[in-house]
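Below is a brief report on selected features of one structure. Look at the sequence and the coordinates, then read on.

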Amino acid sequence: MHQVEIATTQETLLDSPEMVLNMGPQHPSTHGVLRVVLKLDGETVIDLDCDIGYLHRGMEKIAENRQYPMIAPYWDRLDYIAAVSNGLVWVETVEQVMGLDVPARAHYLRTILTELNRIASHLLWLATHALDIGAVTVLLWALREREEILKIFERQFGARLTCHAWRIGGMTNDAYDDFDVDVRRFVNNFPKRLDEYETVLSENRIWLSRTVGIGVISAEDAVAIGLSGPALRGSGLAWDVRKSRPYAAYADMDFDIPVGENGDTFDRYLVRLEEMRQSRRIIQQAIDGLPDGPVSAKLPKVVKPPAGDYYHSIEAPKGEIGCYLVSDGSAHPYRVRVRPPSFVNLQALRQMCIGHLVADVVAIIGTLDIVLGEIDR
Amino acid sequence: MNACPLFLAPLNFIDSLLVKLGLAPETINYVVWPLIQIGVVVTVVAVWVAYGTYLERKISAFMQARLGPMRVGPWGLLQPIADGLKLLTKEDFIPEKADRWIFFFAPYIAVAAAFIVFSVIPFGPDWAVITDVNIGLLLVISVSSVGVLALILAGWSSNSKYSLLGGLRSSAQMVSYEVSMGLALIGGLMFARTLSLSGIVTGQASDSIWYVLYQPAGFLIFLISGIAENNRAPFDLPEAESELVAGFHTEYSGFRWSLFFMAEYAAMVVVSAIATTLYLGGWYFPFVYKLEAAGLHNAYVIVSALVFLIKLSVVLYLYFWLRWTLPRFRYDQLMDIGWKWLIPAALINIVFTAFSVFVVQALDAGQVLKTIEDTSHGLNLTGAGKIVMIVMGIVGLLLTGGLLSLVNWRSRDFNLKSQRRNIRLVSVPSGVSAVNSTKPATAPNEV
């Protein structure tokens, strides 16, 4: 365990000894097995430390002993809530290293399905974030919409959560027969549902008082820590890998980047809600412009990327997920390192929490949208 | 007991049986019947509490697009019984480091405090109330505040940090909200002119009015403080499961936990009952007295008791509704609401109600307007007096709201709506098309 710093900037009331509260790893709202050691003065947090590693499975080491196509399912287990996005970063890295010519239809399908996955992930974030702040009903409403997406995944990939969605070079199967219908139905119904959440939360005084001005992080600090995804955009920086280094079919899509102002929990909440709307826009465009053709590139019998160091990243729902690959030219990677957005975003927790109350720690963990499978790998 | 329909025959039968057994009439009237009443009330409340949980689960389920309990019995109707059995037969677990005796007794204090109050609640006229104490309302407030003790003891004796925080929160919360709750009641008492709960209902019945019309502000303050006093959402901080795991009852399980659970629901019923009694006319409902006039006394009592239960359920539904709609307040915000809003509001309400009662009396004494009918059962007003008082009530509500907004308009939490922002949408030109491009990944340092 890391040692919580003894020296503090804030003097405690009546010189009483501070209380050290151990939050987690078994705690309902640390989103998995995160352990947070809090030093409290009454209910005010004066210091905190995160203890991670309870879910360490050695993914990166396992990858060194697997052939390239075998690694993709492991990547689903990093951020199991956004398995489709995570799978994509691996196959795209290998494809780009190999210089494979992935067909346009595969790119478009990837765009549709990763955006659906982004919505699913954001819905789960909304559900748990609202639950942490005490709004229970939103949880079940959001899960109801997520269910529709998971049904599409089930029909397309045969699995709901850890889909093993992609293969190096494209996809195993073309879209199923009613794919178009299902996606369009979801796209048409979704905005109404999203407005419902806004009615319950955005206009709610209690929600506002729990989120406005909580867990503020400035743009400079956000960049210094290396935040990415909605956590960074909430602080006012319009940075999105889908725009800056477009992958899949994003270069053909017309969408905007929602950007917050104050970098507080409420801004991040709004940014994520708007991102869901933008994702819907992307899906709409992609399904309208879905080209015909094959869905997989021609692949050699054994995937052997040329020797070298490579880095490729995509915009996962939680932020920039990157894959650093060292290849020695064999069928196994020499070393793989994942840049997990949750891990980097979690580093902001201490800065965001100090001075707030215990109840806010829960809200801030929620707003960072962390997944422990990705942090511990 | 006079002529009564067939279904009330057992009551008369028991009465005659007791006489036949050779018991003195005093014993029957002051010992046996009260014991029967207590038995009935405890049973009814216990069942009510059990089915309160069922109702809450069903209502929350319908709000959340699901079905709720469906498996045990038809529509899951036996679910509360199954839950009760499960909890009763669980291991009675006491943590090793806990303060055993306090840990042992805390749940009993909670349940006792919640159930004792039912002894003075007027479920209906005549025999539908166990005892009518002339300081009934005072007794309710004082006994229910003992419930705080149970929470503090439970939080302390568990020897767990979460429990301790929960206990601290609950003590602060319940102490603060009891103040505004007690102050809110005073307004209504100015009309009832008695602390006896039956007297309050009689006052409303003889005046054919609900005091909520005279006291809209007082009713709102009482309801909000009552919800906070019961530790229910959005004020459920002492047991906020997302922060403090389960608050003061984190370490409790099985039977002892179910006692706390029962106490919570019983306390909810108590507050709803007080709100019904003081503001919603209790068992009084127009035209029900005609049953009494027709000589059906027992039917009158039973219909009145049903009216009371229905009104109580409506208030109780409000609890469920709020719980499944609103997020939870934070500890400091809760204190803000208690001390910056509710207590000043209750004080303003007292002063203004006193002023309006004075106005009505002055109008009557100055013979400007005949407002007061008589004062034998509280303050009975004439039609004109009622209108004056209702208008004053609405003015009081607006005045209280206006004054407090004036005082609090600078505070951060007051201006949240104006602080609500919209986010910007930035349109960034996209990079090179990635579709069909075979651009290799960026290679920082090729080997």
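Helix 14 (residues 358–368) of chain A is mostly covered, with 11 of its 11 residues buried. Buried means that 20 or more other C-beta atoms lie within 10 Å of the residue's own; exposed means 12 or fewer, partly exposed is in between, and C-beta atoms are placed from the backbone. Among the buried residues of helix 14 of chain A are A:Asp360, A:Gly366 and A:Thr367. A:Asp369 follows helix 14 of chain A and has a positive phi, near 55°. Helices (H or I, at least four residues) and strands (E, at least two) are DSSP runs, numbered from the N terminus.

This is a predicted model: local features need pLDDT of at least 70, side-chain atom pairs count only at pLDDT 80 or more, and totals for chains, interfaces and linings use all residues. Residues are numbered from 1 along each chain as its sequence is written, while chains are lettered from A and ligands numbered from 1 in the order in which they are written.

**Sheet in chain A**

Three strands of chain A form an open sheet in the order 5-6-7, with antiparallel pairing. Strands pair if DSSP finds at least two bridges between them. Strand 5 and strand 7 of chain A are at the edges, each with a single partner strand, so one side of each has no neighbour in the sheet. Neighbouring strands of this sheet are turned by 15° against each other on average, direction ignored.

| Strand of chain A | Residues |
|---|---|
| Strand 5 | 308–316 |
| Strand 6 | 319–327 |
| Strand 7 | 333–339 |

Six bridges join strand 6 and strand 7 of chain A in the antiparallel sense. A:Val326 has A:Arg335, in strand 7 of chain A, as its bridge partner.

**Domains of chain B**

The domain assignment, automatic or from a database, gives chain B domain 1 (29–89) and domain 2 (93–409). Their centres, taken over C-alpha atoms, are 22 Å apart. The contact takes 16 residues from domain 1 of chain B and 13 residues from domain 2 of chain B. Two residues are in contact if their C-beta atoms, placed from the backbone, lie within 7 Å. On the side of domain 1 of chain B that touches domain 2 of chain B, helix 2 of chain B gives the most, with 14 residues.

**Contacts of one residue**

Which residues does B:Ala114 contact, leaving aside its neighbours within four places in sequence? They are B:Gly147, B:Ala263, B:Ala266, B:Ala267 and B:Val270.

How values were computed. Axes are lines fitted to C-alpha atoms, for helices over the stretch in contact, and angles run from 0 to 180 degrees between N-to-C directions.
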